[in-house]
Every structure is written in C-alpha cells, then in structure tokens.
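Subject: Structure for you to look at

Hi,

Here is the structure I promised to pass on.

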Amino acid sequence: DEKGDKRVLHELSSMKEDSATNLLILQEGWQPPIRENLLFIQDLRKVSGETTMIWVGLIGRPKQDAVFTLVKEEEWDVWYQKLKALGDPHLGLERLVANGE
C-alpha cells in the first residue's frame with residue numbers, strides 16, 4: 001500500500017549509504033510488474049544508494065498446500081524484461097523456488 005511504501009522508504013533513507021545492505025522484495029511472479037511496482041523499485045534505489053543490491057524474489061501462484069511455488073517461465077520473462085529495462089546494474093531477479101517443490 002502507498003502508506004506502507006512511504007514508511008519503508010523513509011526508514012531506508014535514514015540508513016548510512018556506506019553500510020553493506022541488500023534488499024529483497026518478495027513478489028508474486030504471476031502478477032505482472034505494474035507501474036507502481038517499478039516506481040517503488042526506483043524509489044528504493046534513490047533512498048538506498050547506488051550500490052545497494054536490490055533483489056526481486058519471485059514466487060509462483062500459491063497452492064492450497066504450498067505458498068512458495070515455481071514461477072512459470074513466461075512470467076519470469078516478463079519480470080526479467082521489465083527490470084532489465086530499468087538499466088540498474090545492482091538490481092537482480094531470483095526464483096525463490098528453483099525446482100517446483
């Protein structure tokens with residue numbers, strides 16, 4: 001939500017830029033990367049410094065017996081292309097489930 005995003009950005013802006021920090025954004029890969037997602041990532045970059053590694057961790061659609069599921073390849077590709085288009089060398093994309101288990 002917008003209020004929560006602003007709170008997170010405010011808290012991160014008070015961190016020292018030279019501290020070794022990595023950030024992880026947990027994202028449901030089946031939901032396409034909408035404008036708000038991309039703007040939040042760009043805002044994270046602004047407040048966290050140029051060299052902080054920002055990871056987007058994708059999970060697939062939850063099932064009744066598993067929250068963390070494999071991301072479909074076409075969903076991965078959409079996220080990869082959108083994040084790559086941001087041109088941020090310290091922005092990474094990871095599958096949080098590697099083999100469907």
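The second largest pocket is lined by D1, E2, D5, K6, L9, E36, L39, F40 and D43. A pocket here is an open set of points, on a 1 Å grid over the protein atoms alone, where a 1.4 Å probe fits, with protein on both sides within 12 Å along at least five of seven lines; lining residues have an atom within 4 Å of a point. This is a predicted model, in which local features need pLDDT of at least 70 and side-chain atom pairs count only at pLDDT 80 or more, while totals for chains, interfaces and linings use all residues. Residues are numbered from 1 along each chain as its sequence is written, and side-chain values use heavy atoms, with hydrogens and water left out.

Two or more residues of that lining come from each of helix 1 and helix 2 (helices are DSSP runs of H or I, at least four residues, and strands are runs of E, at least two, numbered from the N terminus). By class, six of the lining residues are charged, three are nonpolar and none is polar. The volume of the second largest pocket is about 180 Å³.

The largest pocket comes to about 220 Å³. It has 15 lining residues, and D5, I25, Q27, F40 and L44 are the closest to its centre. Helix 1 (2-13), strand 1 (22-28) and helix 2 (35-48) each give at least two residues to this lining, with helix 2 supplying the largest share, five residues. Nine residues of the lining are nonpolar, three polar and three charged.

Now to the helix packing. Helix 1 and helix 2 pack at an angle of about 20°, and their axes are 9 Å apart. Helix 1 is therefore roughly parallel to helix 2 (angles under 35 degrees count as such). On the helix 1 side, D5, V8, L9, L12 and S13 meet F40, D43, L44 and V47 of helix 2, where contact means heavy atoms within 4.5 Å. By class, this contact has six nonpolar, one polar and two charged residues.

Best wishes

Notes
Grid points are joined across faces, edges and corners, and a volume is the space filled by probe spheres set on the points. Ala, Val, Leu, Ile, Met, Phe, Trp, Tyr, Cys and Pro count as nonpolar, Asp, Glu, Lys and Arg as charged, and the others, Gly among them, as polar. Axes are lines fitted to C-alpha atoms, for helices over the stretch in contact, and angles run from 0 to 180 degrees between N-to-C directions. Angles under 35 degrees count as roughly parallel, over 145 as roughly antiparallel, 65 to 115 as roughly perpendicular and the rest as oblique.
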